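Let's take a friendly look at how side chains pack inside a protein. Have the sequence and the 3D view ready as you read.

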Amino acid sequence: MHSPELLHYYPKFHSMDSYMIRLSSPFTYNHKCYLFANQKLSRHFTSFNFRLQSRKNSTSDAKEFDESAFEAERLRLDAKARESMAQISKTMTETTAEAEADPKAWKWVIRKRIWDLMEAQNIAQNPRPVHHRIPNFVGASSAAKKLSELAAFVMANCVKVNPDSPQKQVRFLTLSDGKKLLTPQPRLRTGFFSILESSMLTPSTINEACTSVGVAKYGRPIGLDEKIKVDVIVIGSVAVDPKTGARLGKGEGFAELEYGMLRYMGAIDDSTPVVTSVHDCQIVDDIPVEKLLVHDVPVDIICTPTQVIFTNRTIPKPQGIYWNKLSPEKLGQIRILRELKSRIEQETGQKLPCGPSEKLPPTAQRRRGHS
């Protein structure tokens, strides 16, 4: 099932043991040994460990952490990303020539239909409008409650949950139940994943810890060498098909990258259940399985405010990061992947495959032309 260009490698990263990250902290690395392998290659190479320079005193950290500045920057970057996605969506749904040329154009048609419906019927909840987001919805807490009653969740020790608004209650229930919460830093911009545990928190801080600011403030950042087993993955969705388990996210591809990196860590495998919580109106029957890409993540269980659906999933789960599908633009957004790719290429003398360039929104193309 793997493309011959897919390289399997097992980088070992230093665990990051601070409670916070300096956004401008440099990476450092130490030399060790790892196995670099693909279908044609099985040799040992010198490897490296990334480590974010961290603050040591957690008490002074809490005082130094500028919540207002962090949130303002997060909102600015989110707005910028949504503007870019809106332009791409407009091009894909309104321009026939562009739609016919892009194999992912059909996804934008379904996304727009769901976003429009949720707003029109006032199913949407803040932040609004829900366009170009994992949409928050009326009844999200009820869906989270049903999710928390799943046998897989009840028995889980560690649950990975996306950082979006409709899954905030899932994050709260994870921590309230004494489980480890693994959550990605938004859009993987400032690092990788953070772990939160109830032992790190007080009753007055547990709710804040379920927000992006709280994760940065109270979470423990980890690296790819963290010895961790994730028992359940909770993922946000725009649309899901219960017949096949096919899922559409908001269109940025971060859920797929997060899943791929967890596979490389050995933290998950094919048997790890993937669960999504959505409104009933987000359940669809027109996602063409044959048009999905190899890195698209399907779901095993769907929880809505009114029901729990165990999908008849037939779609294979991704086996890692598919470098030949990763565009230069996406790579440019994620520092941990960019540094990793560069160092591996330098040490092995082999260039990792790279995917085709993404279509830039018209305004971005004009700006680049004048830069």
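This is a predicted model, in which local features need pLDDT of at least 70, side-chain atom pairs count only at pLDDT 80 or more, and totals for chains, interfaces and linings use all residues. Residues are numbered from 1 along each chain as its sequence is written, and side-chain values use heavy atoms, leaving out hydrogens and water.

- At least three core residues come from each of domain 1 (69–316) and domain 2 (322–356), with bounds from an automatic or database domain assignment.
- In soluble globular proteins, nonpolar side chains tend to be buried together.

**A pair of rings**

- Rings of Phe, Tyr and Trp (its six-membered ring) pair if their centres lie within 6.5 Å; planes under 30 degrees apart count as stacked, over 60 as edge-to-face and the rest as tilted.
- By this rule there is one aromatic pair.
- F192 and F193 have ring centres 4.4 Å apart and planes at 75 degrees, so they pair edge-to-face.
- F192 is buried (under 20% relative accessible area; exposed is over 50%, partly exposed in between, with a 1.4 Å probe and protein chains only), at 0%.
- F193 is buried too, with a relative accessible area of 0%.

**Charges over rings**

- R111 lies over the face of W108, 4.6 Å from the ring centre; such a charge needs NZ of Lys or CZ of Arg within 6 Å of the ring centre and within 35 degrees of the ring normal.
- The charged end of K179 sits over the ring of F153, 5.2 Å from its centre.
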